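Reader: I have this model open beside its sequence and would like to walk through it with you. Could we begin with the overall picture and then go to the details?

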Amino acid sequence: MDHTPIYDIFVVGGGINGCGIARDAAGRGYSVFLAEMDDLASGTSSGSTKLIHGGLRYLEHYEFRLVREALMEREVLWRNAPHIIWPMRFVLPYARGLRPAWMLRLGLFIYDHIGGRKLLPPTRTLDMRTDPAGKPLKPIFSKAFEYSDGWVNDARLVVLNARDAADRGAQIRTRTELEDARFEDGVWTVLLHDRTGETHYEVRARLIVNAAGPWVDHVLSQALGRNDVHNVRLVQGSHIVVARKFDDPRAYFFQNADGRIIFAIPYEEDFTLIGTTDQDYTGDPHGVKITDHEVDYLCSAASEYFTEPVRRSDIVWTYSAVRPLYDDGASKAQEATRDYVLRVEPGEGPIVNAFGGKITTYRRLSEAMLDKIGDILGKKGRPWTVKAPLPGGDFPATAYDAQVEKLKKAYPFLELRHARRLVRLYGTRAGDLLGLARSVSDLGRHFGADLYEAEVRYLIANEWAMTAEDILWRRTKRGLRLTSGEATELDEFMKGLGRRHSAAAE
Ligand SMILES: Cc1cc2nc3c(=O)[nH]c(=O)nc-3n(C[C@H](O)[C@H](O)[C@H](O)COP(=O)(O)OP(=O)(O)OC[C@H]3O[C@@H](n4cnc5c(N)ncnc54)[C@H](O)[C@@H]3O)c2cc1C
């Protein structure tokens, strides 16, 4: 007789949707096992534009349900994670020959009024000849609208959902791929490949949630044996990062002559993030890379607005990701719906698929998924995540500065910039990372910029970080600051720790 435990729910995929679902389910009392084949947020969920937004552009496609739900989520998510999510004002210049001013004003009026806005300020009109937002732009843009949306550290939102899921009892396994599954006697047995130890093992569960993002069809056809699978349309989007183009804390929303739009957003203190693009993609989503055409497009679209053009040589980093959009048959990539669809897969053994969705709506998607799960497994608990801070987010939404001050008081040796960064990443848990440190030297080895051993060890122990890349490009963005030599040293250090751990385990 097999005595291995039977989990209620097996979740495939450690992106925002998989981790959000795992957290919600664990909090309601289901037993949960989540497998992520690479690192948490290594798929689409670290490659977004990082906006918690209703999606002004989607109003043109009459996606009122999605826009309303997403707008309502802005303040919910901000309150639950004020360290990694914060409000941002967007400046949308009116450009002659593109959308008329009345249309922009009408869109923003709807945007302001359908989304339960309480804390976020409303739209206003700017005279760009006098407003500081006009300064870096060409003088032809004399009028603009300024509206509210939110900013999110996308990769950290994923990890904090995973952390909270684990704190509530979920098993989270990274570098673990679902390779195969069979349904026998009312139970799934899934075959997992542990890529760190190159071993295989099995886990049993009553239901599978397929939250594999761009791989959702691949998982259905390859691991779960379904035929004729074509549910999602893969659409590549890329971003470029350049040295800071402007000092203003506001972001820009630029319309392009082809009807598309791009954002230029203040990023990581000293940089500007510019994106994104929309082009159909085929191939393995992990191999997605910016194309020459996308670089040219982003540079020239931004240069239509900035007085000082954006040149290829200004680019310090790029990233690309693939949107797993539910295939609604739209002819153009930018017109395909951004809404999510949850579907119980027909056939033997319960599988529920999540197709599409946005970072912004992950919590609502998770609640809807829990309804479907409840129908199959029997209901447990009630929706609870609307007023539940994520780890480190248990402070008032508008109290970030006070939180920084508190940390500085407890650790006076921290530079202000360092304290601000730690509160932005870890919120009230920054103290767990710093422990009993009384001076910088207590933080251990210095890897470059303000990255010390204490933070590295915290990320390994609490946030599933295994490689230098996990730390430099997902848990933090210190990759923008460390030299390649410093990054290699961090990598060597982490490999050394891994070797010591495995030697101790033998
Ligand atoms: C360019 C771009 C910009 C965007 N901007 C925004 C934005 O500003 N705001 C917003 O709200 N949304 C935005 N989005 C949308 C948002 O990023 C995605 O909807 C969201 O990240 C999808 O999350 P996911 O969990 O479904 O997929 P993913 O994050 O890709 O997660 C799926 C995971 O499944 C894992 N996996 C796959 N197969 C297996 C297997 N066999 N075994 C184990 N694990 C497996 C993968 O490794 C992956 O990590 C943007 C998307 C793109 C591409």
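Reader: How many helices and strands does the protein have?
Author: This is a predicted model, and in it the protein has 13 helices and 20 strands. Its radius of gyration is 23 Å, close to the 23 Å that the globule rule gives for 506 residues, so the protein is as compact as a globular protein of that length.

Reader: And what does the C-alpha trace span along its principal axes?
Author: The C-alpha trace spans about 80 × 60 × 45 Å along those axes. Of the 506 residues, 48% count as buried, and among contacts between residues at least 6 apart in sequence, 68% join residues at least 24 apart.

Reader: Moving inside, which residues of the largest nonpolar core touch the most other members?
Author: That core has 145 residues, and those touching the most other members are Ile 9, Phe 10, Val 11, Ala 22, Val 32, Ala 205 and Val 209. Helix α4, residues 154-167, gives the most to this core, with 8 residues.

Reader: Let me pick Phe 10; what does it touch, leaving out residues up to four places away in sequence?
Author: With those left out, Phe 10 touches Phe 33, Trp 188, Val 190, Val 203, Ala 205 and Ile 208. Ala 205 is also, like Phe 10 itself, among the core residues that touch the most other members.

Reader: Now the ligand: how many residues surround it, and which are the closest?
Author: The ligand is surrounded by 40 residues, the closest being Gly 13, Gly 15, Gly 43, Gly 213 and Gly 237. The elements that give two or more residues to this shell are α1 (16-27), β8, α5 and β16, and the largest share, 4 residues, comes from β16. By class, the shell has 16 nonpolar, 18 polar and 6 charged residues.

Reader: Where does the ligand lie relative to domain 1 and domain 2?
Author: Domain 1 (6-44 + 155-231 + 338-387) and domain 2 (85-151 + 233-328) both give residues to the shell around the ligand, so the ligand lies between them.

Reader: You mentioned α5, so which of its residues are buried?
Author: In α5, residues 216-223, the buried ones are Val 216, Asp 217, Val 219, Leu 220 and Ala 223. An α-helix has 3.6 residues a turn, so residues three or four places apart point the same way.

Reader: What covers those buried residues, and what follows the helix?
Author: The cover includes β1 (6-12), β8 (176-184), β10 (199-210), β11 (232-243), β16 (315-326) and β18 (351-356). After α5 comes Gly 225, whose phi is positive, near 65 degrees.

Key
Residues numbered from 1 in each chain as written. Predicted model: local features only at pLDDT ≥ 70, side-chain atom pairs only at ≥ 80, totals over all residues. Buried ≥ 20, exposed ≤ 12 C-beta atoms within 10 Å, placed from the backbone. Contact = placed C-beta atoms within 7 Å. Rg over C-alpha atoms; globule rule 2.2 N^0.38 Å. Core = buried A, V, L, I, M, F, W, Y, C linked by C-beta atoms within 7 Å. Near = placed C-beta within 6 Å. Nonpolar A, V, L, I, M, F, W, Y, C, P; charged D, E, K, R; others polar. Domains from an automatic or database assignment.
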